[in-house]
Amino acid sequence: MHTSTTSTVPLTPWTAEQLQQATQGEWHQHKIPQGEIKRILTDSRHAEEGDAFLALKGERFDAHDFVKQVATQGCQIAIVERPVDADIAQLIVKDTRVALGQLGAYRRQQNPQLKVIALTGSSGKTTTKEMLGSILSRLAPTLITRGNLNNDLGVPMMLLELRPEHQYAVMELGASHQGEIDYTSNLVQPHVAGILNIGTAHLGEFGGRDGICRAKSEIYTHILPNGSAVVPAHDDFTATIRQNAGNHSILSFGEGGDVYASEIQLNPQSAQFNLHTPQGSRAVSLPFAGAHNVQNAAAATAFALAIGIELDDIVLGLERAQGAKGRLNFIQQQHCLFIDDTYNANPTSMRAAAQVLLQQQGLKVMVMGDIGELGDSSWQEHHDLGRDLSALPLDHLVVVGEFATAAQQGSAHSEKLCACATQAEALAFLVNLVQTHQHQPISFLFKGSRYTHMETLMADLMEKI
């Protein structure tokens, strides 16, 4: 785990007895540490006095190798699968990965006052989560999934940050394999759980959208009694999702749903619409661009209503919400507008981002990096994106990476598509473009999967202007 995933707020301390109780572990040689344990962490670099270091094992590393090191840093407790030759109290558990989940679940159970929303989907999770965070944190202390801590390790790590003052939690659950959401939703015990959409993200791991729908529908399996399920009203898989939501009371969002938007006006960096709900209708000025974000706002509204929030508070929260870093952030530099949408990408969100770019001024330049996790359909998906995006009234489509040629082959407009194998090649093209259009406004949009680091290419171009 990197430093950005570490909370800076003092956490609720643990006792040695609680650690043992949660994990069903045994203290090695019956050496039971005394005093409070301030936090449990998995990053050896930050372990210090008062911490418990949990030694995870991955495919390419085994953190048991770092137990000696954390002992020299003053850390006095390690949670391990086997005894390590180090001067440190050791709680022996069967599986440290499972133990992390047990500790997260224990912390969740210790906070019965908490109202929990769990959400998943192929796109829009981060923005919907931020909108919900804006709605709820105005009303009471709220725990919100940070960054990408949404998997079988990240979710329990977020739960470890729960404190007695938290009244709400918004937990984003990601799926990279079948069973993962079943596991994490069991840890978080949501009052309200829902799916935003079934797209093509992670297509490779699930062998098709039916598999994605099955995996994401696991989120409904651990809704608490008298809880609610949120479902998209206008999705190819709506009927299946409704079925998978079981007997829970259902609130749907989107066209034809319980919560929907009408009279939508899309502006370059915002949107206005009428929000219709079972609690009445309100006019909303949303500080987010794009039709897809109007849909995300409808989803956030459905989740908030399902957990008992008043409509006026929801509207206020939506109107004050801020986007996450790398999610359609607008940066003006001289005559150039940079739209930073580099946080991540899938085929659905790539098409949605292009629509936002079309709303902007001047020359419209889309810079697209590779999309990962599409498995065998990678070539075809990039080919189809090349076809669809180059057919839009964009001035230039700059495609960067391994699948640039697939996009190029899909395009019937070769004059506007530039395929680049590397960021350096793309940078040279973009710098030349800016120099050729010295005084003309240009709007750039940068987007790609996380691993492509499109934000680096954007920063390099901004430096050269």
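In what order do the six strands of the open sheet stand, and with which pairing? In this predicted model, the order is β7-β8-β6-β9-β10-β11 and the pairing is parallel. The edges are taken by β7 (142-144) and β11 (249-253); each has a single partner strand, so one side of each is left without a neighbour in the sheet. On average, and with direction ignored, neighbouring strands of this sheet are turned by 15 degrees against each other.

**Helix packing**

Helix α3 (residues 96-109) packs with two helices, α1 and α6. The table lists both pairs.

| Helix pair | Axis separation | Angle | Residue classes in the contact |
|---|---|---|---|
| α1 (residues 16-23) and α3 (residues 96-109) | within 8 Å | roughly 115 degrees | five nonpolar, four polar, no charged |
| α3 and α6 (residues 180-188) | 8 Å | about 35 degrees | five nonpolar, one polar, two charged |

The axes of α1 and α3 cross at roughly 115 degrees, which makes α1 roughly perpendicular to α3. This crossing of α1 and α3 is right-handed. On the α1 side, the contact comprises Gln18, Leu19, Gln21, Ala22 and Thr23, which meet Ala99, Gln102, Leu103 and Tyr106 of α3. By class, no charged residues take part in the contact of α1 with α3.

Towards α6, helix α3 presents Arg97, Val98, Gly101, Ala105 and Arg108, and these meet Tyr183, Leu187 and Val188 of α6. The contact of α3 with α6 includes two charged residues alongside five nonpolar residues and one polar residue.

**The C-terminal annotated span and a hairpin**

An unreviewed UniProt entry places the feature "domain: Mur ligase C-terminal" at residues 326-435. In the model, the span of residues 326-435 is 41% helix and 24% strand, and its end C-alpha atoms lie 26 Å apart.

Glutamine 333 has cysteine 336 in β16 as its bridge partner. Two residues lie between the strands of this hairpin, and glutamine 334 takes a positive phi near 50 degrees. As background, strands of a sheet pair through backbone hydrogen bonds, in either the parallel or the antiparallel sense.

Definitions and conventions: Residues are numbered from 1 along each chain as its sequence is written. This is a predicted model: local features need pLDDT of at least 70, side-chain atom pairs count only at pLDDT 80 or more; totals for chains, interfaces and linings use all residues. Side-chain values use heavy atoms; hydrogens and water are left out. Two strands pair if DSSP finds at least two bridges between them. Axes are lines fitted to C-alpha atoms, for helices over the stretch in contact, and angles run from 0 to 180 degrees between N-to-C directions. Angles under 35 degrees count as roughly parallel, over 145 as roughly antiparallel, 65 to 115 as roughly perpendicular and the rest as oblique. A crossing is left-handed if the near helix is turned anticlockwise from the far one by less than a right angle, and right-handed if clockwise. Contact means heavy atoms within 4.5 Å. Ala, Val, Leu, Ile, Met, Phe, Trp, Tyr, Cys and Pro count as nonpolar, Asp, Glu, Lys and Arg as charged, and the others, Gly among them, as polar. UniProt positions are given in the numbering used here, feature names are shortened, and annotations may be inferred rather than shown by experiment.
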